[in-house]
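User: Hi, I'm new to this one and would like a guided look. Could you walk me through it?

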Amino acid sequence: MIKRTRRFLPDEEIPEYAGVTSFVWSETALEMIVNYKNDLYRFDIENDTIERLTKTKEHEVNFSFTKEGDGYIFWCGFTLIRFRFGNSYIEEISPNTPSDQQIERKILSSDQQWLAIVTSKSKDGNVNTRKVGYVTYRDRFAKFKQHDRPLAEDPKPAENERWVYMQKVSDPIHNGTEETAIELFHHPGGDEKLRITDPKWSKDNKKLVFRTYNPQTEEIIIYAADVDSTDPAKIVHHARNSAAQRSPERVDPEFTPDGRYVLAVFEDTGFRQPWLIDPITEGKIPILKGNFNADPISFNEEGTTLYVLANKEHLVRRDLYAVDVVSGEMTRMTKETASIPTQ
């Protein structure tokens, strides 16, 4: 019998296996920012130099260079930070919303010039509870315990009041948080529950779109707003859920690349497919026709082609298709034919 032994290396000889988690390229220079062991580093490829940017316990996420390439932006927890290279000034980009409102979401536009903000305020934070008894069997003998919890028949607490804002992000460092937040949408809360999607910016960052859904009335409303206006968001489509209970959650609108239409998924025909909404007429037209489900993935750069995953060939198989947005013609991109299970 052969006896095997394991040799342990001294600490200084143990190799480092952690690698780069993620990285982003600069749009103005041959350099990148990388995330290594939860900190950020600036890698100048042309000069072959590495500069450490952060040393924190918090994880810096969704980081990117500024559009001018003179600094970087990142999220640390729920805080948006902007830092300029060669300057010791660290700036927190904060929404100028009322202090009694809780910020739920902040979405930065791709040109880093605008913030979309979703806030809420409790109408009645007290949840009615009562003593509820139960028995545990973890020990040798059963034990009766009690704890406080709400029951299904108890009155529900009032729903939170909700808002959606947009706010300009100033370029000068010292004015970065002095812009006014423009109120786009307000829901009074109370008895009606409302679900709001993340506002999405158009490709040119001039518009944003979001959807609300009321599970009680099953109303689906899509709103759009323009950065050149201080008016509230406009309703561009109003409908009722015509499909399964979870179908409204799939209505996650976004602008087409040219900003002319809003793309959203509906099940009006009994099948889940993408539709185009005209913000001017508030009407919608289907991109596809047929008895199959199709989930949009992305547009091509010009916006003339929409890529979808669809079960057009068979109910249990999804293929990738390129769809002509105008004609609806589908070109199958996946060539392999999977075997179909039979009874």
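Analyst: What follows covers confidence, strands and pockets, in that order.

User: What is the mean pLDDT of the chain?

Analyst: This is a predicted model, in which local features need pLDDT of at least 70 and side-chain atom pairs count only at pLDDT 80 or more, while totals for chains, interfaces and linings use all residues. Residues are numbered from 1 along each chain as its sequence is written, and side-chain values use heavy atoms, with hydrogens and water left out. The mean pLDDT (the predictor's confidence in each residue, from 0 to 100) is 86 for the chain, and 87% of its residues reach 70 or more. Over residues 4-9 the pLDDT is below 50, and this stretch has two contacts in the model beyond near neighbours in sequence, a contact being heavy atoms within 4.5 Å.

User: Now the strands: what order does the open sheet of four have?

Analyst: The order is E5-E6-E7-E8, with antiparallel pairing; strands are DSSP runs of at least two residues, numbered from the N terminus, and two of them pair if DSSP finds at least two bridges between them. Strand E5 (60-65) and strand E8 (90-92) are the edge strands, each pairing on one side only.

User: And how many bridges join E6 and E7?

Analyst: Strand E6 (residues 71-76) and strand E7 (residues 79-84) are joined in the antiparallel sense over six bridges, and Gly-71 stands opposite Arg-84 in E7.

User: What do E9 and E10 form?

Analyst: They form a hairpin with five residues between them, and Gln-112 in the turn has a positive phi of about 65°. Strand E9 (residues 102-108) pairs with strand E10 (residues 114-121) over six bridges, again in the antiparallel sense, with Arg-105 opposite Val-118 in E10.

User: Switching to pockets, how much space lies in the largest one?

Analyst: About 320 Å³ of space lies in the largest pocket. On a 1 Å grid over the protein atoms alone, a pocket is an open set of points where a 1.4 Å probe fits, with protein on both sides within 12 Å along at least five of seven lines, and lining residues have an atom within 4 Å of a point. Grid points are joined across faces, edges and corners, and a volume is the space filled by probe spheres set on the points.

User: Which residues lie nearest its centre?

Analyst: Of the 20 residues that line the largest pocket, Tyr-261, Leu-276, Gly-303, Val-325 and Val-326 lie nearest its centre.

User: What about the volume of the second largest pocket?

Analyst: The second largest pocket has a volume of about 240 Å³, and among its 13 lining residues Trp-201, Lys-203, Glu-254, Phe-255 and Pro-257 are the closest to its centre. Strand E16 (200-201) and strand E20 (254-255) are the elements that give two or more residues to this lining.
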